[in-house]
Amino acid sequence: RVYIPEWVKRAVIFRDKGCCVFCKKDLTGLYTLLENNEKQFDHIVPLHQGGLNDVCNIQLTCQDCNSKKSDTSATSTLYQSAY
């Protein structure tokens with residue numbers, strides 16, 4: 001896996017309001033309790049499909065929603081556009 005810088009993680013948490021973009025589960029209280037491998041920062045377009053390790057291509061998801069998404073290029077209809 002490619003390392004995601006802390007500033008990118010903080011920006012994604014801020015943009016997604018600390019909630020899973022799919023089910024809207026509040027992850028703000030859990031974030032500090034989770035181990036690094038349990039924090040679910042998901043690439044919208046997977047790296048192996050040409051996606052970038054950039055704020056615009058990363059979304060916050062809960063563990064359940066991220067495992068359902070697998071390695072497809074999907075995002076929620078609730079996802080807020082930065083523009």
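Author: This is a predicted model. From the N terminus on, its elements run α-α-β-β-α.

Reader: How many helices and strands does the protein have?

Author: The order of elements from the N terminus is α-α-β-β-α. Counted by type, that gives three helices and two strands.

Reader: What share of the contacts with a separation of 6 or more is between residues 24 or more positions apart?

Author: A contact here requires heavy atoms within 4.5 Å. Among contacts in the protein with a separation of 6 or more, the share from residues 24 or more positions apart is 62%.

Reader: What part of the accessible surface belongs to carbon and sulfur atoms?

Author: Of the 83 residues, 37% count as buried. The accessible surface of the protein comes to about 5,500 Å², and the part belonging to carbon and sulfur atoms is 57%.

Reader: Which residues of helix α1 are buried, and within what arc do they fall?

Author: Helix α1 covers residues 6-15, and its buried residues are V8, K9, V12 and R15. They line one face of the helix, because seen down the axis of α1 they fall within an arc of 130 degrees.

Reader: Which exposed residues does α1 carry on the face turned away from its buried side?

Author: An α-helix has 3.6 residues a turn, so residues three or four places apart point the same way. On α1, the buried side includes V8 and V12. The face turned away from that side carries the exposed residues W7, R10 and F14.

Reader: Which elements give two or more residues to the largest nonpolar core?

Author: The largest nonpolar core has 11 residues in all: I4, V8, V12, C20, L27, F41, V55, I58, L60, C62 and C65. The elements that give two or more residues to this core are α1 and β2 (58-60).

Reader: With which residue does K9 form a salt bridge, and how far apart are the closest N and O atoms?

Author: Side chains of opposite charge can pair when their charged atoms come close. K9 and E6 are three residues apart in helix α1, so they are separated by about one helical turn. K9 is buried at 12% relative accessibility, whereas E6 is partly exposed at 34%. The partner of K9 is E6, with the closest N and O atoms 3.5 Å apart.

Reader: Which residue pairs with R15 in a salt bridge, and are the two buried or exposed?

Author: The structure holds two salt bridges, and one of them joins R15 to D16, with the closest N and O atoms 3.0 Å apart. The cut-off for buried is under 20% relative accessible area. R15 has 16% and therefore counts as buried.

Reader: What is the phi of K17, and where does K17 lie?

Author: Most residues other than glycine have a negative phi. K17 follows α1 and lies in the loop between α1 and α2 (28-31). At 55% relative accessibility K17 counts as exposed. Its phi is positive, near 55 degrees.

Reader: What is the phi of K24, and is K24 buried or partly exposed?

Author: K24 lies in the loop between α1 and α2. Phi of K24 is a positive value in a residue other than glycine, near 65 degrees. With 42% relative accessibility, K24 counts as partly exposed.

Conventions. Residues numbered from 1 in each chain as written. Predicted model: local features only at pLDDT ≥ 70, side-chain atom pairs only at ≥ 80, totals over all residues. Heavy atoms only, no water. Buried < 20%, exposed > 50% of the residue type's maximum accessible area, 1.4 Å probe, protein only. Helix = DSSP H or I, 4+ residues; strand = E, 2+ residues; numbered from the N terminus. Arc of directions from axis to C-beta. Areas by Shrake-Rupley, 256 points an atom, 1.4 Å probe, with all protein chains shown as cover. Core = buried A, V, L, I, M, F, W, Y, C linked by side-chain atoms within 4.5 Å. Salt bridge = Lys/Arg side-chain N within 4 Å of Asp/Glu carboxyl O.
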